[in-house]
Amino acid sequence: MDSWKNKQKVIVQLVCILLSLCLWIYVTNIKNPIKSYELKNVPVEILNSNSLQDSGLALVPNQNFYVNLKIEGNTQDLFNVDKDSFKIIVDLSEYVLKKGENKVAVNIKESPSSITIKNSNGLTISVNTEEYATNEVPVKSEINITSKSSYYVATPVFSPKTVVVSGPKSLVKKVTKVVAQGEESNASKTIVKDFIISPVDENDNEVIGVKLSEKWVEGTIEINEGKVVPIKINTTGTLKDGLTLKSISGDITEVGITGPEDVLRNISEIGTEEINLSEIKDSTNIEVALGIPDKISIYNGKSSINVNISIDKAKTKDFTIAYSIVGAADGLTITPDSNKVTITVSANSDVLDSLTEENFNAQLDVSQYTEAGEYNKAPEVTIVNADNITINNVSEVKLTVTKNSEDNNNGPAFKIFIWSLNPFVIVNVLESMSLV
C-alpha cells in the first residue's frame, strides 16, 4: 500500500513539471510577450587614446569602462542576448578633455535588431586623465650567460644605451630602467644580437601601461679567454700625527680580466686609484675604482672594490719610573723630594699594553746648579727597546741644594752626600773620604 502511494506522488510531481514546461513553451514561443531587462556591466571600448597626447594628457591607468543597458524585447529575444551582442565605443579623438574626470557620451555601434535600448540617449561614462610624461632611462642587462671553462664574459654593451619611456606620469615615474632579457650558454666567442626589453621599477617589477621608444636593443657581449690577477691597493700621503695604520684590505683580493692576448700577457696585477691617507681620520670603509688598462675588461663587470681601512688612534698612559742624578758639583749636597717621576706617553694601544718601566731610562743632570737653594727640574727620559712612542710630559723634581760645612774638614767626613730612596739606583760618589 505504501509503495503505491509513493508511486502516485512521484507521478503527480512529474505531471506538474511537464505542465509547467509546456506552459513556459507556450508563453515564450506562442504568446512571446514583451519584457524589459537591465543588462549590467556591458564593456565600452576606448578608441584613439593616443590623441590625448596632443593635449599633454593620458588615461589614468587601470580604468575599466562599463555601462548598464535597459533593454526591451520579446521574451525569447531577451533570453538570447548577452554582453557580446553589443559593441559600444568612445572615440577620444572626438572630444577635448581636461585633466581629471570627464563625462563622455558613448556610441552604440552594434546591437541586436530585435532589441530596443531604452536608455541609449544620454548614456555616458567617466574618463579620468592625468599628465602625459616621458623619461629617458638606461638599458641594463638581465641576460643569463654561461661560458666555456677559462672564458670570461664582459659586461654587455647595448645600442642604444638609453630608451625613452612615455605614458601616464604616474606610471612613467615608476620606471627606473629597462632590462634586456635572454639566455646564452656554453659561449666562447663574442655575441652580437637583438634582445627584447621591458620597463621595470626599482624592485625589478615590470611596469605595465607605458610605451618604449624601442622594443629591441642590440647587445654586444665580449667573450674572451682571460686570467685572474691580484689587486694592489695604492695609497699616497701619510696619516696625521697620533694615527697608526693597523691594516688596509679589499673585499676582494683578485679579479678576472679579459682582453687581447698580447695585452693580457703583460698584466700581472690590477691597481686601485690612490687613497690619500692624509685625509683619513678614523677607521672607515670606502669604495675605490680599479685602474683598468685600455682594451681590458673585468669579466664580472665590477669596476671598483670596497677597501677597509683600520686605524689605531694614539692613547696616553702614565708611568712612574726611577731616575739617576748626574753632574753634581764638588762641595754641594743635592737632595731631591722624590726618587721617582711620572711620565705621560702616547702610542697605539698595542704598544702601550706592552710597555714596562724597563723601557724608560731617566737621568737628572744637576751640573748647572752651583749655589745653594731650591730648584725644580724634570729628568731627561729616553725610550729603550720600543718604537712609535711619544713622551708628552715628565713631572719635575724639587731639588734642595746645600753647601757642605767647613767644620767637617777636621777628621774623616763626606764632602758631598747624594741621598736617594730608590734601592735600584747606584749612588754617585761625588768625593771620596779623606783625612785633614
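A strand here is a DSSP run of E with at least two residues, numbered from the N terminus. Keep that in mind for every β label below. The model on screen is predicted.

**Stop 1: a strand with a positive phi**

Select residues 177-187. This is strand β12, and Asn-186 is found in it. Check the backbone there: phi of Asn-186 is near 55 degrees, a positive value in a residue other than glycine. Most residues other than glycine have a negative phi. Now show the surface. Asn-186 has a relative accessible area of 53%, so it is exposed, the cut-off being over 50%.

**Stop 2**

Go to Asn-48. Its place is in the loop between β1 (34-47) and β2. Phi of Asn-48 is also positive, near 55 degrees. How exposed is Asn-48? Its relative accessibility is 43%, so Asn-48 counts as partly exposed.

**Stop 2: the largest pocket**

The largest pocket holds about 400 Å³ of space.

Which strands each supply at least two residues of the lining? Colour β2 (57-59) and β11 (162-168): each of them does. Next, colour the lining by residue class. It divides into 12 nonpolar residues, eight polar and one charged.

**Stop 3: a cis peptide bond**

The peptide bond joining Ser-159 and Pro-160 is cis, with omega about 0 degrees. Most peptide bonds are trans. Pro-160 lies in the loop between β10 (157-159) and β11.

**Stop 5**

Select residues 254-258. This is β19, which is mostly covered, with four of its five residues buried.

β23 and β19 run antiparallel and are joined by two bridges.

Finish on Ile-257. In β23, the bridge partner of Ile-257 is Ile-298.

Conventions: Residues are numbered from 1 along each chain as its sequence is written. This is a predicted model: local features need pLDDT of at least 70, side-chain atom pairs count only at pLDDT 80 or more; totals for chains, interfaces and linings use all residues. Side-chain values use heavy atoms; hydrogens and water are left out. On a 1 Å grid over the protein atoms alone, a cavity is a set of points where a 1.4 Å probe fits but cannot get out, and a pocket is an open set with protein on both sides within 12 Å along at least five of seven lines; lining residues have an atom within 4 Å of a point. Grid points are joined across faces, edges and corners, and a volume is the space filled by probe spheres set on the points. Ala, Val, Leu, Ile, Met, Phe, Trp, Tyr, Cys and Pro count as nonpolar, Asp, Glu, Lys and Arg as charged, and the others, Gly among them, as polar. Buried means under 20% relative accessible area, exposed over 50%, partly exposed in between (1.4 Å probe, protein chains only). Two strands pair if DSSP finds at least two bridges between them.
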